[in-house]
Amino acid sequence: MTHALTLIVLLPLIGFAFNGAVSMRARTGATAKSLVTLVGCALPIAAFLLSIKTFLDLRAGGYAPIVDIVYNWAVIGDSSFEVAFYFDRLAAVMALIVTGVGSLIHVYTIGYMKDDDGYARFFAYLNLFLVFMLLLVLGRSLLVLFVGWEGVGLASYLLIGFWYEDPRNAEAGKKAFITNRIGDAGFLLGMFVLYATFGTFDMDRINLALAGGPVAVSATLVGVLLFIGASGKSAQIPLHVWLPDAMAGPTPISALIHAATMVTAGVYLVARMSMVYVQSSDASLVVTTIGAATAFFAATVAVTQTDIKRVLAYSTVSQLGLMFVAAGVGAYGVAIFHVYTHAFFKACLFLGAGSVIHALSGEQDIRKMGGIARKIPWTFVTFAIATASIAGIPPLAGFWSKDEILWFALASSRGGATALWLAASAASLLTAFYMFRLLWLVFLGNSRVAPEVEHHIHESPWSMRGVLVVLAVLSAVGGFVSIPHFLEPQLALPEVRLPETSEHLVVYVSVALALGGLAGAAWIYASGPERAEAIRAKFAGLHRVLYNKYFVDELYQRVIARPLLWISDRVVLRFGDRWLLDGSLNGMARLAQRGAGALSRLQDGSLQRYALLVLFGATLCLIWIWRHV
Amino acid sequence: MIENLLIYFFGALALTGAVLMLILRHPMRVALALILTMLCLGAIYGLLGLHAIAVFQVLIYVGAVMVFMIYVIMLLDLRDPSFRERYSRWLVPGSAVGVVLFMLIAGALRREDATQAGMSASGIDVQAFSVAFLADYWLHFELVSVLLVAAVVAALAIILLKRPDRG
Amino acid sequence: MDKTQLLVALAGALFVIGLLGVIIRRNILVVLMCMELMLNGVSLSLVAFADRSASLAGAVLVFLIFVVAAAEIAIAIPIVVLLVRHKRSLDIGAYAELKG
């Protein structure tokens with residue numbers, strides 16, 4: 001049907017309106033709650049089914065892109081800006097991930113947020129998020145994408161600070177939003193340069209123009225600017241600081257927004273504007289370098305963290321870095337492949353963590369967990385499968401995508417280098433290590449759980465368990481769908497400069513690394529925390545640096561926040577606003593007052609003063625007449 | 001010829017009287033100086049041939065107005081600060097502006113403009129004067145008499161204001 | 001020098017002296033008398049012009065001025081008397097009562 005794409009975007013919007021209206025009521029009764037559940041989950045599922053149908057239409061049409069022009073947003077002078085949706089292979093993959101995983105997490109929320117007062121509000125915000133994310137992936141022009149970009153930032157802020165009574169949650173929401181805005185400055189500048197050069201915001205047209213040969217725009221400049229925006233949204237160095245703090249939000253949010261969908265928007269942007277990066281090897285180098293650095297450093301921090309969600313947060317940052325490594329060496333399809341598999345296993349991991357937290361009545365510190373595998377077996381098995389997937393154990397999904405990344409990091413003719421492969425492999429080794437560490441400390445070994453919590457350990461309801469199972473299955477078998485191959489007609493894979501035999505070697509090495517990480521974690525943690533303690537004592541300084549995430553937040557506070565505050569207070573507030581503006585305004589008022597006071601002293605009832613003034617005026621008139629007669 | 005001399009003389013005397021008004025301290029003496037000025041003006045009117053006006057000047061101004069003033073001066077004989085200190089605080093600025101004005105008048109006098117000798121020295125006799133009042137200016141005459149009635153009523157009102165309890 | 005010019009200059013001088021007196025002197029009654037002097041100055045100028053011109057308008061106006069002056073003084077002096085009875089002072093400065 002003609003306006004299927006518009007409908008896909010609008011269905012969750014209806015959900016937002018309905019749930020939002022319900023949430024405004026003082027108390028939600030049971031019927032209202034079930035209505036919210038029905039509307040809140042049915043609409044995303046409907047959007048998912050509609051996406052599948054549109055995908056089938058796309059395939060039937062020979063993969064010619066489906067364009068849905070909705071309306072003309074603005075006509076300014078000669079240029080018109082329209083709201084239009086665009087569905088090609090890349091958009092299909094992203095839309096299916098967003099609606100599919102999104103619907104699963106909506107179902108999970110039914111069980112997780114069951115007892116929360118803000119149940120309707122949560123579903124409203126979730127639906128709102130879906131609307132904006134779909135705008136982002138389906139938009140044809142950078143303008144529509146940017147609306148979605150900002151909108152998901154808004155939804156993220158609203159959801160991170162969902163339990164707003166605790167000011168720390170609100171702080172985390174603010175931090176996310178502000179850090180994103182800094183990236184958005186770069187994004188906007190890149191957009192404007194593109195518009196100035198090509199006269200259009202439509203991404204397909206821009207890509208076409210760029211593919212046609214060298215153009216008058218500096219592709220490096222645009223590439224770097226767009227990447228600044230992407231690194232804000234996808235938490236790359238130096239704008240990664242918001243993602244670990246964003247764990248203050250409820251776990252379904254961490255799964256949906258900060259693992260599966262929103263943070264991958266940056267990767268999507270780079271893949272969508274791939275022609276820019278194809279034209280500029282310097283911009284691609286920037287992407288690769290930052291991606292690799294982020295992947296490695298985030299992995300090192302994740303090794304020491306003690307909050308279950310923080311480990312997963314740093315893991316997400318690290319995996320996003322790997323996606324950018326792939327994008328930087330020209331393998332955009334591989335980056336999207338990793339987005340796809342990462343959505344499955346990371347969502348499964350986060351939702352599993354949510355299940356653990358739910359079982360342990362809110363405990364999130366892994367030092368107070370352990371040995372609960374038998375008590376919550378479903379959670380344990382799904383978590384284990386997802387862990388193995390992220391570590392890269394074949395034939396699970398994570399293995400396929402990670403391996404492609406490592407291969408192209410080494411062998412791509414557009415920036416592949418041994419150093420890059422080494423950095424990515426080190427990150428992968430550390431990933432395997434800390435994920436198995438997490439698995440051990442949470443589920444296996446002796447129980448360090450507090451006694452009063454231990455009584456209440458129970459498995460999650462089926463609304464949560466079912467989703468975990470589906471995601472675990474997808475983490476296992478999802479890799480057999482070769483996304484890079486599917487996307488190849490649109491996002492061509494780069495040439496490789498090494499023979500095919502090297503690829504087998506790379507595969508063996510990466511499997512070895514994964515198993516090595518597993519073995520290392522097993523050796524250190526299997527027998528209890530003593531060995532880990534010993535190692536920590538030996539490398540106390542290093543541990544302190546890693547545990548405090550390289551003191552980046554403190555650095556920003558010192559170097560950026562405090563001087564800014566000082567300028568704001570001293571220069572702008574005290575000098576500019578109070579002294580200059582208020583002073584001049586008050587000064588003028590005082591001037592008027594004093595002037596009026598002086599003048600009013602003329603009217604004191606003294607007859608002789610008045611007569612003098614008459615005489616004076618008459619004299620002046622006479623003098624004037626004298627002169628002019 | 002003699003007429004002009006007399007006009008100069010009486011003019012100078014009038015001016016002297018006026019200046020004396022500014023200088024003398026006792027209000028009674030000031031009143032006498034004013035009477036002198038008025039009489040000189042009356043003399044000037046007479047020398048110009050307007051005998052009716054001269055008579056009325058003496059009768060009304062000196063005879064009524066100034067007599068009334070003298071009554072009041074004698075009635076309100078208060079020796080308060082205004083008696084000791086003649087001048088107000090506006091002496092200096094007032095005098096400065098006054099000097100400027102005098103210079104203007106003197107300068108106007110010095111200008112040699114072409115003058116035309118109008119009809120003069122014929123004067124206006126009383127008959128022509130009264131006929132004018134009954135013929136051309138009768139409305140003004142009536143209105144002025146209304147004004148006098150209003151003044152009488154106002155004076156009565158002020159008197160009754162002073163004595164509310166008596167009848 | 002022309003007679004009319006001289007008389008008009010004299011009239012102007014009398015008027016100015018009268019106005020100066022209003023400004024300079026402190027006693028209320030003296031101020032009243034200076035106002036009479038001003039009126040006289042005006043009358044003199046009217047007479048000077050009446051003497052020169054053919055019509056009687058100047059003389060008539062002078063007569064009307066006399067009447068008005070008489071009426072005015074008949075009211076002004078009682079008012080002054082009342083004021084002085086109330087304030088117990090002949091000083092003009094005592095009557096400047098507006099706050100300013």
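**Helix crossing and chain contact in a predicted model**

Biologist: What makes the crossing in which α1(B) passes α2(B) left-handed?

Modeller: α1(B) passes α2(B) in a left-handed crossing, a term used if the near helix is turned anticlockwise from the far one by less than a right angle, clockwise being right-handed. The model is predicted: local features need pLDDT of at least 70, side-chain atom pairs count only at pLDDT 80 or more, and totals for chains, interfaces and linings use all residues. Residues are numbered from 1 along each chain as its sequence is written, while chains are lettered from A and ligands numbered from 1 in the order in which they are written. Helices are DSSP runs of H or I with at least four residues, numbered from the N terminus.

Biologist: Why are α1(B) and α2(B) called roughly antiparallel?

Modeller: Their axes, lines fitted to C-alpha atoms over the stretch in contact, come within 8 Å and cross at roughly 160°. Angles between N-to-C directions run from 0 to 180 degrees, and those over 145 count as roughly antiparallel; α1(B) and α2(B) are therefore roughly antiparallel to each other.

Biologist: Which residues of α1(B) and α2(B) meet?

Modeller: Among them are B:Leu6 and B:Phe10 in α1(B), and B:Val30 and B:Leu34 in α2(B). Contact requires C-beta atoms, placed from the backbone, within 7 Å.

Biologist: How many residues does the contact take from chain B and from chain C?

Modeller: The contact takes 65 residues from chain B and 57 residues from chain C. On the side of chain B that touches chain C, α3(B) gives the most, with 10 residues.

How values were computed
Contact = placed C-beta atoms within 7 Å. Helix = DSSP H or I, 4+ residues; strand = E, 2+ residues; numbered from the N terminus. Parallel < 35°, antiparallel > 145°, perpendicular 65-115°, else oblique.
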